[in-house]
Amino acid sequence: MSAKPAEAAAGAAPPKSKKTLIIIVVAVLVLALGGVGAVLFLNKQRAAADPDAEHAAPVAEAAQAGPPVYLPLDSMVVNLADPGGERVAQIGITFELSDAKASDKVKQYLPTIRSSVLLLVSQRTSAELLVREGKEKLATDILRESLRPFGGGHDEEEDADVDKKDAKAMARAAKRKQRLMASMPIQNVLFSSFIVQ
């Protein structure tokens, strides 16, 4: 008879451990679903607080849709603004475009763009162009001027209008600028050659 109570106790133990296991699994699932729900709720709250945020993801996806497309321009030789006018720069520029269709758009405005680039470079001195910061500033200025025919050309003066103490206003302005840049045919300015003599 003593064997029967031990067998009964052994038979009762497995159902109790199965119930415990099921309860633990259900509790973990409930916690996981609660965590996912909380993340979704917080993201929805952030999107409601910042209306520009919902457009940021499609812009980033559009910017990386395919391989880059490049449009090289003919090399330019420009007199620099050094005293005496004896210094020149020979610059090769290549535009990084948003897609293959943008090439035709940009080609329509090449005379205007080349003129703007020549004017920009002719205002620089050799000392400015011989340092990396000067070349980077020139590339930024060329990009701004090259985007003017397409409705771009975001000025630093427009940035000054944004209240620097208002972080939300600055973030919104940066997102608007990013969306505008993503819609422009020219995405970047690259130098293929740069000689100052």
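In what order do the elements of the protein chain run from the N terminus on?

**View 1. The whole chain, element by element.**
Welcome to this predicted model. From the N terminus on, the elements follow the order α-α-β-β-β-α-α-α-α-α-α-β. That gives the protein chain eight helices and four strands. The chain has 197 residues, and 26% of them count as buried. Its accessible surface comes to about 13300 Å², with 60% of that belonging to carbon and sulfur atoms. If you take the contacts with a separation of 6 or more, 72% of them are between residues 24 or more positions apart.

**View 2. A nonpolar patch on the surface.**
Here you can look at L21, V25 and L29, which form a nonpolar patch on the surface. Together these residues have about 290 Å² of accessible area. L29 belongs to helix α1, which covers residues 3-49. Is L29 buried or exposed? L29 counts as exposed because its relative accessibility is 52%, and the cut-off for exposed is over 50%.

**View 3. Helix α6 from end to end.**
Helix α6 takes in residues 132-147, and D141 is found in it. Its 16 residues, at 1.5 Å a residue, should span 22 Å, and the end C-alpha atoms are 23 Å apart, so the two values agree. Which residues of α6 are buried? They are G134, L138, A139, D141, I142, L143, R144, E145, S146 and L147.

**View 4. D141 and its partner R124.**
Leaving aside residues up to four places away in sequence, D141 touches L120 and R124. The side chains of D141 and R124 make a polar contact at 2.5 Å. R124 and D141 also form a salt bridge, with their closest N and O atoms 2.5 Å apart. This pair links distant parts of the chain: R124 sits in the loop between α4 (110-122) and α5 (126-129), while D141 is in helix α6, 17 residues apart. R124 is buried too, since its relative accessible area is 11% and the limit for buried is under 20%.

Staying with D141, we can now turn to R144. The two residues form a salt bridge, with the closest N and O atoms 3.1 Å apart. Both D141 and R144 lie in helix α6, three residues apart, which is about one turn of the helix. D141 and R144 are both buried. Salt bridges that share partners join R124, K137, D141, R144, E145 and R148 into one network.

E136 and R132 both lie in helix α6, four residues apart, or about one turn of the helix. An α-helix has 3.6 residues a turn, so residues three or four places apart point the same way. E136 is partly exposed, because its relative accessible area is 41%. R132 counts as exposed, with a relative accessibility of 62%.

Methods
Residues numbered from 1 in each chain as written. Predicted model: local features only at pLDDT ≥ 70, side-chain atom pairs only at ≥ 80, totals over all residues. Heavy atoms only, no water. Patch = residues over 30% accessible without salt bridge, like charges linked within 9 Å, V, L, I, M, F, W, Y side chains within 5 Å. Areas by Shrake-Rupley, 256 points an atom, 1.4 Å probe, with all protein chains shown as cover. Salt bridge = Lys/Arg side-chain N within 4 Å of Asp/Glu carboxyl O. Helix = DSSP H or I, 4+ residues; strand = E, 2+ residues; numbered from the N terminus. Buried < 20%, exposed > 50% of the residue type's maximum accessible area, 1.4 Å probe, protein only. Contact = heavy atoms within 4.5 Å. Polar contact = N/O pair within 3.5 Å; in protein donor to acceptor, adjacent residues only side chain to side chain. Expected span 1.5 Å × (residues − 1).
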